[in-house]
Amino acid sequence: MPKETITTRALDYNQWYLDIVREADLAEVAEVVRGCIVFKATGYAIWEMMQRELDNRIKATGHENIYFPLLIPKSFIMKEAEHVDGFAPEVAEVTRAGGEELAEPYVIRPTSETIIGYFYSKWVRSYRDLPLLYNQWCNVMRWEMRTRPFLRTAEFLWQEGHTAHVDEAEAEAETLRILFDVYADFAEQVMAVPVIRGLKTEKEKFPGALRSYCIEAMMQDGRALQSGTSHNLGQNFARAFEITFTDQHNTIQHCWTTSWGVSTRLIGALIMTHSDDEGLVLPPRLAPIQVVLVPIYKNEDERAKVMEAVDRLTADWQGRLRFKVDDRNNFTPGYKFNEWELKGVPIRVEVGPKDVEKGSVAVARRDMPGKAGKQFVPQAGLTDYLLTLLEAIQVALFERALAFRSDRTATVTTYDELKAQIERGFALAYWDGTTEDEKRIQDETRATIRCIPLDQSEAPGICVYTGRPTSRQVIFARAY
């Protein structure tokens, strides 16, 4: 049954998204600071879970965390031509500080390739100093014109990895390792969001990159959300900032560098992949609270009996489940059920006087609202039951999202078919067009080539736009 405070997806998908953000208490628009949001406790707790999981994967691949300044000299941004053109419209500058005009303005970090390039040029001297494998967790600012909580805000939180290598092969291997072993693995195994791993076209690649790779996810309205990018920067930034090393033959070479990042827009991906008209839905591996237990009683005698059972049941949960006992006396059980449904807690356990007598509890799955997801189970062995159920929910969410994407993805062979298919989802098409062709299609349809999937069939076909033969396939979609 849809919540009265939430607009249904069918009626207005964009408003549904904003309603979820508000009603699940994830964030609030920071009205006094243009384009920014306040992360509320629930929203930030989700980001902390994401950070923890991602940080573990980043460190497991040999990277260390460091931190660079928020302010970057404007001259740094101007050193790499493509980079300047790509970010100029989004840059915010600091021109005055301490009551005086600055001799050189600072740019508020839109991304850190330039300032990191400056310091890498000081740190690298010999091939023995390489590779440099560093990551930083920070905030950035991009002066977006149209904003939406988590998906696109002027200030957002992210991690950005920056590495330097002796040759292109090592840089390419690094770029793909992050894409597969960190980003795609996290998205599918933790977020339960199926993603397509792909290469960006020249039109869509990161400004200044040699090659850009991405993971693309489908939201419940059929639109794509770029959920992570990994860039082989070639030697562009190394040449701009003179990041050089002496190789084994005593010859000076420019490094090959990479950069890669994911941001708090992943929270938006999480909302739009799994949530429903009753509120937020969280996959268990990412839920700050996996199980909420709601004791139910009418008087002190019942309370004593119920709470004794609650204490006994939860004694075994410490360190095994992330849980909360909602024993607030100033709210009814119904109010509590509604609140935790809105906030997406995967499992709700209810214990009342009759449950104590029967040695059972009621267990409700958030991913299956209503009677279909609720059952009574014995108190004996409850912990193992909940652990198994959490894994089942994790798998079910991924499979549901994957089935949805499969249903909304179709191969198209003509331009008219492409225009029809992007109204409902992803269009897989053969492509041998130019950047100008891409721009024309975007102008006409509002769809872009999201990526060239790395998993290609290599079977020959005909370009959907030019009619030329090709074996390359791409994904077209409208995107956030």
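Which residues of E14 are buried on one side and which on the other? Trp256, Thr258, Trp260 and Val262 are buried on one side of this strand, and Thr257, Ser259, Gly261 and Ser263 are buried on the other, so that both faces of E14 are covered. The model described here is predicted, with local features needing pLDDT of at least 70 and side-chain atom pairs counting only at pLDDT 80 or more, whereas totals for chains, interfaces and linings use all residues. Residues are numbered from 1 along each chain as its sequence is written, and side-chain values use heavy atoms, with hydrogens and water left out.

Because eight of the eight residues of strand E14 (residues 256–263) are buried, the strand is largely enclosed by the rest of the structure. Here buried means under 20% relative accessible area, exposed means over 50%, and partly exposed lies in between, with a 1.4 Å probe and protein chains only. Helices (H or I, at least four residues) and strands (E, at least two) are DSSP runs, numbered from the N terminus. In a regular strand the side chains alternate between the two faces of the sheet.

Two strands are taken as paired if DSSP finds at least two bridges between them. Strand E8 (residues 155–165) runs antiparallel to E14 and is joined to it by eight bridges, with His162 standing opposite Ser259 in E14. Strand E11 (residues 224–234) is also antiparallel to E14, through five bridges, and in this pairing Asn232 stands opposite Thr258 of E14.

Grid points are joined across faces, edges and corners, and a volume is the space filled by probe spheres set on the points.

By this rule there are two cavities of 30 Å³ or more, and the largest cavity holds about 80 Å³ of space. Its lining includes His162 and Thr163, together with Thr257 and Thr258. Helix H5 (113–123), E8 and E14 each supply at least two residues of the lining of this largest cavity, and H5 gives the largest share, four residues.

The largest pocket contains about 1400 Å³ of space. It is lined by 47 residues, of which Glu90, Arg142, Arg152, Glu204 and Gln226 lie nearest its centre. Among the elements that give two or more residues to the lining of the largest pocket are helix H4 (81–87), E8, E11 and E14.

**Salt bridges**

Side chains of opposite charge can pair when their charged atoms come close. With a salt bridge taken as a side-chain nitrogen of Lys or Arg within 4 Å of a carboxyl oxygen of Asp or Glu, the count comes to 38 salt bridges.

Lys59 and Asp55 are separated by about one helical turn, because they are four residues apart in helix H2 (residues 41–60). Lys59 is partly exposed, with a relative accessible area of 44%, whereas Asp55 is buried, with a relative accessible area of 12%.

Arg320 counts as partly exposed at 39% relative accessibility, and Asp384 is partly exposed with a relative accessible area of 46%.

Glu350 counts as buried at 6% relative accessibility, and Arg348 counts as buried at 10%. Both residues belong to a network of salt bridges that links Lys3, Glu278, Glu341, Arg348, Glu350 and Lys374.

Thr244 is placed in strand E12 (residues 244–246) and is buried, with a relative accessible area of 18%. The C-alpha atoms of Thr244 and Ser121 are separated by 6.6 Å, although these residues are 123 residues apart along the chain.

Terms used: On a 1 Å grid over the protein atoms alone, a cavity is a set of points where a 1.4 Å probe fits but cannot get out, and a pocket is an open set with protein on both sides within 12 Å along at least five of seven lines; lining residues have an atom within 4 Å of a point.
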